[in-house]
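Here is a short briefing on one protein chain. Please look through the sequence and the model before reading the points.

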Amino acid sequence: MEPKKRVNSYSSSTSEPHSRSHKKEASHYSWQEGDLIAGKYKIIDFLGDGTFGRVLEVEDTEGCRKAMKVVRAVDRYVEAAKIEAQILREVNQADPTHQSHIVRLFEDFPMGENYCLVFEKLGRSLFDVIKLNKFRGKT
């Protein structure tokens with residue numbers, strides 16, 4: 001597989017040239033296979049994009065594959081990610097035997113202006129399953 005080219009691309013958060021806010025809204029994190037994040041997560045592959053960020057398959061220093069959500073550098077998205085991480089930490093701590101079947105959050109941390117959440121790697125997303133079923137309910 002050919003490595004992805006790094007591109008620092010940003011798009012304006014508004015189409016009005018004289019808006020009160022001149023802040024640019026960050027695009028998705030640009031990555032390249034083999035990049036190392038936080039000194040311990042090697043990027044293996046792309047898993048998907050969402051509104052808030054991009055999910056990458058990573059491998060930690062012990063060889064375990066995980067899913068890393070890299071949240072776009074947008075203040076409200078980063079704040080939502082921090083809340084998500086706090087809720088998951090509380091649920092995971094209250095359920096050490098994993099009876100709730102809620103995704104395991106291993107770690108969260110800032111990366112520049114982005115924010116990262118490291119999860120256990122699961123299967124397809126619910127949206128991907130729905131797309132595969134041509135947006136029909138299960139019968």
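This is a predicted model: local features need pLDDT of at least 70, side-chain atom pairs count only at pLDDT 80 or more; totals for chains, interfaces and linings use all residues.

Residues are numbered from 1 along each chain as its sequence is written, and side-chain values use heavy atoms, with hydrogens and water left out.

**Fold**

- The protein chain has two helices and eight strands. These are DSSP runs, numbered from the N terminus: H or I of at least four residues for helices, E of at least two for strands.
- Along the sequence the order is β-β-β-β-β-β-α-β-β-α.
- Of the 139 residues in the protein chain, 31% are buried. Buried means under 20% relative accessible area, exposed means over 50%, and partly exposed lies in between (1.4 Å probe, protein chains only).

**Nonpolar cores**

- In general, nonpolar side chains in soluble globular proteins tend to be buried together.
- A nonpolar core is a set of buried Ala, Val, Leu, Ile, Met, Phe, Trp, Tyr and Cys residues joined through side-chain atoms within 4.5 Å.
- The largest nonpolar core has 13 residues, and Tyr-29, Ile-37 and Met-68 touch the most other members.
- At least two residues of this core come from each of β4 (41–49), β5 (53–59), β6 (65–71), β7 (105–111) and β8 (114–120).
- A second core is separate and has eleven residues, including Val-74, Ala-81, Leu-88 and Leu-105.

**Largest pocket**

- The volume of the largest pocket is about 780 Å³. A pocket is found on a 1 Å grid over the protein atoms alone, as an open set of points where a 1.4 Å probe fits, with protein on both sides within 12 Å along at least five of seven lines. Grid points are joined across faces, edges and corners, and the volume is the space filled by probe spheres set on the points.
- The lining of the largest pocket has 27 residues, of which Leu-47, Val-55, Lys-69, Gly-123 and Ser-125 are the closest to the centre. Lining residues have an atom within 4 Å of a point.
- Two or more lining residues come from each of β4, β5, β6, α1 (75–94), β8 and α2 (126–132).
- With four residues, α1 gives the most to this lining.
- By class, the lining holds 13 nonpolar, six polar and eight charged residues. Here Ala, Val, Leu, Ile, Met, Phe, Trp, Tyr, Cys and Pro count as nonpolar, Asp, Glu, Lys and Arg as charged, and the others, Gly among them, as polar.

**Ring contacts**

- There are three aromatic pairs. Rings of Phe, Tyr and Trp (its six-membered ring) pair if their centres lie within 6.5 Å; planes under 30 degrees apart count as stacked, over 60 as edge-to-face and the rest as tilted.
- Trp-31 and Phe-46 form a stacked pair, because their ring centres are 6.5 Å apart and their planes are at 10°.
- This pair links distant parts of the chain, 15 residues apart: Trp-31 is in the loop between β2 (24–26) and β3 (36–37), and Phe-46 is in strand β4.
- Trp-31 is buried at 4% relative accessibility, whereas Phe-46 is partly exposed at 33%.
- Tyr-41 and Phe-109 are also stacked, because their ring centres are 6.3 Å apart and their planes are at 5°.
- Here the partners are 68 residues apart, with Tyr-41 in strand β4 and Phe-109 in strand β7.
- Both Tyr-41 and Phe-109 are buried.
- Lys-66 sits over the face of Phe-106, 4.2 Å from the ring centre. The rule asks for NZ of Lys or CZ of Arg within 6 Å of the ring centre and within 35 degrees of the ring normal.

**Single residues**

- Most residues other than glycine have a negative phi.
- His-101 is not a glycine, yet has a positive phi of about 60°. His-101 lies in the loop between α1 and β7 and is exposed at 63% relative accessibility.
- Lys-134, also not a glycine, has a positive phi near 55°. Lys-134 lies in the segment after α2 and is exposed at 61% relative accessibility.
- Phe-109 is buried at 11% relative accessibility.
- Glu-113, in the loop between β7 and β8, is exposed with a relative accessible area of 64%.
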